[in-house]
Amino acid sequence: MILQSLYRYHQLLQERESENESIPRAEYSSVDVSFEVQLNEHGHVVAIIQPESADGKISKIKHVVPKQEKRSSGIKPYFLCDKPSYLFGAALPEAKHGWAYREAMRTLWKDVLKHIKTKSPDILALHSFLELSYEQLEEQIKQLADKPLLKSLSNGGLCVLKYAPTGQFLHKNRDIQLAWEDYYNRVADNVTEKRTLFTCLITGEKMQTDQIARLHPSIKNIAGAQSSGAAIVSFNKESFCSYGREQSYNAPTSKTATDAYGYVLNKFLSDPAHRVRMNDTTVVFWAESLATKEQDWMASLLQNFDEDAGQSDEDSIRTRVKSVVTRIRQGQHFNDTFADLNKDTTFYILGLSPNAARLSIRFWYTGTIGELGERVWRHYQDLSIVGLERSPTIRELLRETAIGHDWSNISPNIEGQMMRSFLLGLPYSRSVFAQLMNRIRAEGDEPKKGLYKIGAVRAAMIKAYLLRYYRFNKNPLEGEITMELNKQSKSIPYHLGRLFACLERTQESALGQSINASIRDRFWGAASATPANVFPRLLSLAQHHIAKDEKWGKNNDYRIQEVMNTLPPQFPKRLTLEEQGMFALGYYHQRQEFFTKKAEN
């Protein structure tokens, strides 16, 4: 299913008439090139250039070059684009077995070039380059390469050749391309093992053994995986194999299909608009459409807004997603806000994690934009709360559960759980909620960093969790949870949270906000878990604060009495985790009410 979806997207790219970049045919590969080696008319190396980005940093340039099938082990040269150890051999310092690499390269290149009848200057220069001795190459490299460049060449990376007099890359010479295509197809036709027929698991087509990929492509840009890439499909132990089939013949897939899915997946992973990292998981997402709006919408849901390059247009997809919570308060619906999206477009979200030389599939979700849109809208409806002015992304929600609000401290287990709840419209994981409540108990306010014990995002997460929990369990308390203060609520924990906010306000009014430790700092954990042990003491303490506060004491006393009238004569001995959530929600709502009235006054 995953590979088929990637293959279909490749077909979309091929069908697009005005494709901006070249989609490689069967005889070619799209690769990242680190070095540009320039040859003069005599085949001598006159320059070795490392491409640089706009900010001056070393970068790689993507080129479509002759086919590069995955190298497993041993010596296997590529045509016209290869590592420095193959191009220069022993001429490079510290090049192990350099003579063997360059000899293998010369044999392959000559075999391809011998069928070219035309002898243009650039082709003659290429022949001359192949005849250079190690001493000649070594002398040329010494004159051109300083120590940093020599070190980069020794570390690897791919090189392409350019004919300096014309500035044309040799792999783009049409005569050379025709020779390569003829060679590639001759090699494929000469394969003798053609009796067994396989069914390609991606396309469903029947094909012979020589058309099946022996090795699947390496997937790059996965956080934590090998820099050279890792495979999704791979077999290297007898216990993985069956029916006497080795390597990827256990999962027969045509070479064309494997090249296609590898190209598309690597294309997505190299594009920040199609990926996001969640701890040790790299999430890839795309819409089965070449239109940009559906893709922009998905990126806006999954990526952090501060990672955006910047879209100030009020009608842009990103701006509309950021304002969903305010649009909900205005009574809008998904179809109103995103009327320009094609609701029938299929979306895909894939989570990948490293596992040695392979990749693990953490999660895989698919559906239509319309289905996902309604679930997303319900998700933000559940999150909507007074004080929340911007729609938080999944990562921003998960950061609230991390120690110190640090991305790296997000528990890897909860990412897939949160993603599943978000995409399928399910209740949020209790483990996510438990971690959030633990952070609230353990942390305090850090106003300079914009971090609070119970800020708008944390309160929104509590509200959303409780709404979904009660909705799923058909609990009438679902109707008690509102966006702002609900004085008519029948929830005792909710009013206990309100009472705690009133007691804290009384202390602040009497002693000021510069006290070393407020009752929230000292008693939050006990008050929210075992109210009967703490509230009598806090109420007694509040009377001293009321008596001391001549200006606001009576008003604070009135608020306390107002909330006390909603509570039973005896405080509960213990509160469950969900009741502790109601306590926190009541506290947040009451605090917001204080700020609202102060602003109005």
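Biologist: Let's start with a cysteine. Is C502 buried or exposed?
Modeller: C502 counts as buried, because its relative accessibility is 3%. Buried means under 20% relative accessible area, exposed means over 50%, and partly exposed is in between, using a 1.4 Å probe and protein chains only. Bear in mind that this is a predicted model, so local features need pLDDT of at least 70 and side-chain atom pairs count only at pLDDT 80 or more, while totals for chains, interfaces and linings use all residues. Residues are numbered from 1 along each chain as its sequence is written, and side-chain values use heavy atoms, with hydrogens and water left out.

Biologist: OK. How many disulfides are there?
Modeller: The count is 0 disulfides, a disulfide being a pair of cysteine sulfur atoms within 2.5 Å. Take C159, which is in no disulfide: the nearest cysteine sulfur belongs to C81 and is 7.6 Å away.

Biologist: And C159, buried or exposed?
Modeller: C159 counts as buried, because its relative accessibility is 0%.

Biologist: Switching to charges. How many salt bridges do you get?
Modeller: The count comes to 27 salt bridges. Each is a side-chain nitrogen of Lys or Arg within 4 Å of a carboxyl oxygen of Asp or Glu. One of them joins K62 and D32, at 3.0 Å from N to O. That pair links distant parts of the chain, with K62 in strand β4 (residues 61-66) and D32 in strand β1 (residues 28-33), 30 residues apart. Helices (H or I, at least four residues) and strands (E, at least two) are DSSP runs, numbered from the N terminus.

Biologist: What is the relative accessible area of K62? And of D32?
Modeller: K62 is partly exposed at 41%, and D32 is partly exposed at 30%.

Biologist: What does E443 pair with?
Modeller: E443 forms a salt bridge with R458, 2.8 Å from N to O. E443 sits in the loop between α16 (430-442) and α17 (456-472), and R458 is in helix α17, so the pair ties together parts that are 15 residues apart in sequence. E443 and R458 are both buried. There's also a network in which salt bridges that share partners join D445, E504, E508, R520 and R591.

Biologist: Where is L301?
Modeller: L301 is in helix α9 (residues 292-302), and it counts as buried because its relative accessibility is 3%. L301 and V321 are 20 residues apart in sequence and 7.2 Å apart in space, C-alpha to C-alpha. Not counting residues up to four places away in sequence, L301 touches V321, L372, V376, Y380, T393, I394 and F422.

Biologist: Now holes. How many cavities of 30 Å³ or more does the structure hold?
Modeller: There is 1 cavity of 30 Å³ or more. The largest cavity has a volume of about 40 Å³, and its lining is M418, Y428, S429, V432, F433, L436, M461 and Y465. The elements giving two or more residues to that lining are α16 and α17, and the largest share, 3 residues, comes from α16.

Biologist: How are you deciding what counts as a cavity or a pocket?
Modeller: On a 1 Å grid over the protein atoms alone, a cavity is a set of points where a 1.4 Å probe fits but cannot get out, and a pocket is an open set with protein on both sides within 12 Å along at least five of seven lines; lining residues have an atom within 4 Å of a point. Grid points are joined across faces, edges and corners, and a volume is the space filled by probe spheres set on the points.

Biologist: Which residues lie nearest the centre of the second largest pocket?
Modeller: D445, L451, Y452, I454 and G455, out of 37 residues that line that pocket. The elements giving it two or more residues are α14 (394-399), α17, α18 (492-511), α19 (519-529) and α22 (577-600). The largest share of the lining, 6 residues, comes from α22, and about 960 Å³ of space lies in this second largest pocket.

Methods: Contact means heavy atoms within 4.5 Å.
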